[in-house]
Amino acid sequence: MNTSHRRRPARVWAATHRTGLAGLVGNTPVLRIPELWGDSERGFWAKLEGRNPGGIKDRPGLYMIRQARCRGELRPGEPIIESTSGTLGLGIALAGIVYRHPVILVSDPGMEPLMHRLLSAYGARVETVTRPHPDGGWQEARRERVRRLRQEHPNAYCPDQYHNPDNVSAYDPLARELAGQLGHVDVLVCSVGTGGHSAGVYRTLRRLCPGVRLVGVDTIGSTIFGQPARSRLMRGLGSSIYPGNVAYDSFSEVHWVAPAEAVWACRRLAARRYATGGWSVGAVALVASWLARTEPAGTGIAAIFPDGPQRYFDTVFSDVYCAERDLLGREPEPEPDVIGHPAEAEALRWTRCAKVAAPAGAGR
């Protein structure tokens with residue numbers, strides 16, 4: 001008796017089960033956001049990457065692991081080891097479940113307790129470094145631990161999000177989604193950490209929307225664009241090293257934003273649009289709102305919101321946390337400070353620079 005009709009549903013279910021999680025990533029919505037200072041009709045479009053299961057870095061998490069498997073760099077069942085401040089960790093944990101790999105993540109004391117618990121719940125082993133590197137801060141300390149772990153697990157794969165070109169290519173679909181949703185984009189506003197999503201989205205979008213400009217958003221205390229390295233409160237953007245994926249020659253300008261300014265923007269977004277997120281979202285929204293107010297009417301501005309608000313309940317959205325750090329009630333000035341070169345002055349509040357070049361030491 002032919003029983004194929006009985007077996008087929010099980011096979012279909014199994015295939016759907018294996019690919020269903022990955023199918024939840026992408027095709028995120030856009031939302032019109034009015035400029036934050038006033039009640040004018042001007043505004044920008046926000047790409048809500050927090051609608052992915054874990055945020056924007058689900059995209060490179062899945063893509064980097066899939067490509068490594070295709071090239072034979074990651075064999076079935078072998079571990080994935082990576083450094084993360086949080087969001088990429090969720091993407092790697094997702095990839096570990098989808099492709100059935102154990103995951104070891106290295107973070108630092110700045111990782112939120114909720115994020116640590118989530119990653120553990122998703123089956124990842126989380127190791128925490130206890131001391132910053134004297135030169136490269138927490139990021140370099142994490143990378144050193146990754147190198148030691150790879151010696152213990154010689155068959156493991158490390159995506160190395162800071163320098164992996166797959167971290168850039170992973171964002172091609174996001175750019176295509178944006179172009180399809182908005183028709184045309186004149187200005188793209190992105191936070192910059194590893195440099196992956198700003199480089200990847202812009203690389204594709206400039207082919208689909210000729211003439212589009214890229215505006216980078218960094219945090220004060222970050223070295224990416226040539227500012228001095230300082231202790232940084234904001235997570236998810238900025239760096240104490242020079243990530244190889246930062247496409248310096250693509251940026252038309254860069255802005256540095258301070259924590260209190262990002263907190264104000266996050267809370268303003270929540271109250272006005274019920275769409276908000278963490279440090280990166282607040283910083284990007286602040287800059288995109290200023291562009292909406294100062295660019296010619298009709299300019300199409302798209303901003304990437306990397307995540308949602310959930311992991312920031314005890315930081316950005318905690319009155320106690322923010323009051324202890326003097327982050328409350330400090331509405332930003334409506335205009336940024338302006339410097340002619342990143343080395344001209346240290347940015348201590350929202351600051352803009354129209355000269356962007358790779359700092360000495362970048363790319364090494």
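## Exercises on a sheet, its helices and its salt bridges

The side chains of glutamate 49 and arginine 59 form a salt bridge with an N-to-O distance of 2.7 Å, where a salt bridge is a side-chain nitrogen of Lys or Arg within 4 Å of a carboxyl oxygen of Asp or Glu. The model is a predicted one, in which local features need pLDDT of at least 70 and side-chain atom pairs count only at pLDDT 80 or more, while totals for chains, interfaces and linings use all residues. Residues are numbered from 1 along each chain as its sequence is written, and side-chain values use heavy atoms, with hydrogens and water left out.

**Exercise 1.** Work out which parts of the structure the pair glutamate 49 and arginine 59 ties together, and state whether these two residues are buried or exposed.

*Solution.* Begin with the elements: helices (H or I, at least four residues) and strands (E, at least two) are DSSP runs, numbered from the N terminus. Glutamate 49 lies in the loop between E2 and helix H2 (58-70), whereas arginine 59 is in helix H2, so the pair ties together parts that are ten residues apart in sequence. Next, consider accessibility, for which buried means under 20% relative accessible area, exposed over 50%, and partly exposed in between (1.4 Å probe, protein chains only); both glutamate 49 and arginine 59 are buried. Finally, extend the view to the network of salt bridges that links Lys47, Glu49, Arg59 and Glu177.

**Exercise 2.** Describe the two salt bridges made by arginine 142 and arginine 143, and locate their partners.

*Solution.* The side chain of arginine 142 meets that of aspartate 108 at 2.6 Å, N to O. Arginine 142 lies in helix H5 (residues 137-152) and aspartate 108 in the loop between strand E4 (103-107) and helix H4 (113-121), so this pair ties together parts that are 34 residues apart in sequence. Arginine 143 meets glutamate 140 at 3.3 Å, N to O, and both of these residues lie in helix H5, three residues apart, or about one turn of the helix. Arginine 142 and aspartate 108 are buried, and arginine 143 and glutamate 140 are buried as well.

**Exercise 3.** Classify the packing of H2 against helix H3 (residues 87-99) by its crossing angle.

*Solution.* Axes are lines fitted to C-alpha atoms, for helices over the stretch in contact, and angles run from 0 to 180 degrees between N-to-C directions. The axes of H2 and H3 come within 7 Å and cross at roughly 45°. That makes H2 oblique to H3, given that angles under 35 degrees count as roughly parallel, over 145 as roughly antiparallel, 65 to 115 as roughly perpendicular and the rest as oblique. For the contacts (heavy atoms within 4.5 Å), the H2 residues that meet H3 include Leu62 and Ile65, and those of H3 include Leu94 and Val98.
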